[in-house]
Amino acid sequence: MLEWYSNKYVSVFFEDYPRVGIRYITPSTSEKVKKSIKKYPFINKKLLKVKLIDNKTKKEYKFEIPKGYCYDGASVPRFFWRVIGANTDNKFLIAALIHDVLCENHGYIDNDRKFSSQVFNALLEASDVYPFKRFCMKHSVDFYQRFCDWR
C-alpha cells in the first residue's frame with residue numbers, strides 16, 4: 001500500500017493513487033441524472049482500497065470505496081468561499097471523498113467521530129491546504145457531526 005500521509009494522530013494508505021472525476025451534464029442526460037449530478041458532481045473513478053491507522057490507539061481500519069461512488073466535494077457554504085475556497089477546489093477532493101465515506105459508514109472506524117475529523121485534517125494537510133483553512137474546515141465538520149448526533 002502507498003503511504004499517503006502520516007502524523008502523530010493518523011496514517012493514511014491507499015492501494016493505488018485515488019482518481020476522482022467530474023460528472024458532466026450532456027444534452028441527452030435525463031432529468032433524474034441531472035439532479036443527481038448537481039447534488040453529487042464528483043465521482044470515484046476506480047475501486048479505492050483504504051487503510052487508516054489511529055496512531056494513538058494503534059487501531060487499524062480497512063475499507064473500500066467502490067468505483068462510481070458519487071459525492072459533493074467539500075461542503076463549504078458559498079458564504080465562506082472567499083475565506084476557505086470553493087467546494088470544487090481540487091485540494092479538497094480526496095479529503096472530502098474519504099470523509100464523506102466515513103460519515104456515511106460510521107462503522108468503518110468504530111463510530112469514532114474525532115478520528116474521522118483527524119483523518120479529514122490529515123488529508124487536507126497532505127494536499128497543502130493552509131493551516132488556517134484546515135483549522136476552519138476540521139472544526140466546522142466536527143461541529144456539524146456533533147450537531148447531527150455522531151458521538
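**View 1. Pairing of V50 with F63 in the predicted model.** V50 has F63 of β6 as its bridge partner in this predicted model. Strand β5, which spans residues 48–54, pairs with β6 in the antiparallel sense, and 7 bridges connect the two.

**View 2. The open sheet with strand order β1-β2-β5-β6.** The sheet has 4 strands with antiparallel pairing. Its edges are formed by β1 (2–6) and β6 (59–65), each of which pairs on one side only. Between neighbouring strands the average turn is 20°, direction ignored.

**View 3. The hairpin between β1 and β2.**

**View 4. Strand β2 and its buried residues.** In general, side chains of a regular strand alternate between the two faces of the sheet. Here V10, V12 and F14 point one way from β2, whereas S11 and F13 point the other way. Because 5 of the 5 residues of β2 are buried, this strand is largely enclosed by the rest of the structure. Antiparallel pairing of β2 with β5 extends over 5 bridges; the bridge partner of F13 in β5 is K51.

**View 5. Helices α2 and α3 at the sheet.** Helix α2 (residues 93–104) packs on the sheet and touches β1, β2 (10–14), β5 and β6. The direction of α2 makes about 100° with that of β6. Helix α3 (residues 113–126) lies across β1, β2, β5 and β6, and runs at about 65° to β2.

Technical notes. Residues numbered from 1 in each chain as written. Predicted model: local features only at pLDDT ≥ 70, side-chain atom pairs only at ≥ 80, totals over all residues. Heavy atoms only, no water. Pairing = 2+ DSSP bridges. Axes fitted to C-alpha atoms, helices over the stretch in contact; angles between N-to-C directions. Contact = heavy atoms within 4.5 Å. Buried < 20%, exposed > 50% of the residue type's maximum accessible area, 1.4 Å probe, protein only.
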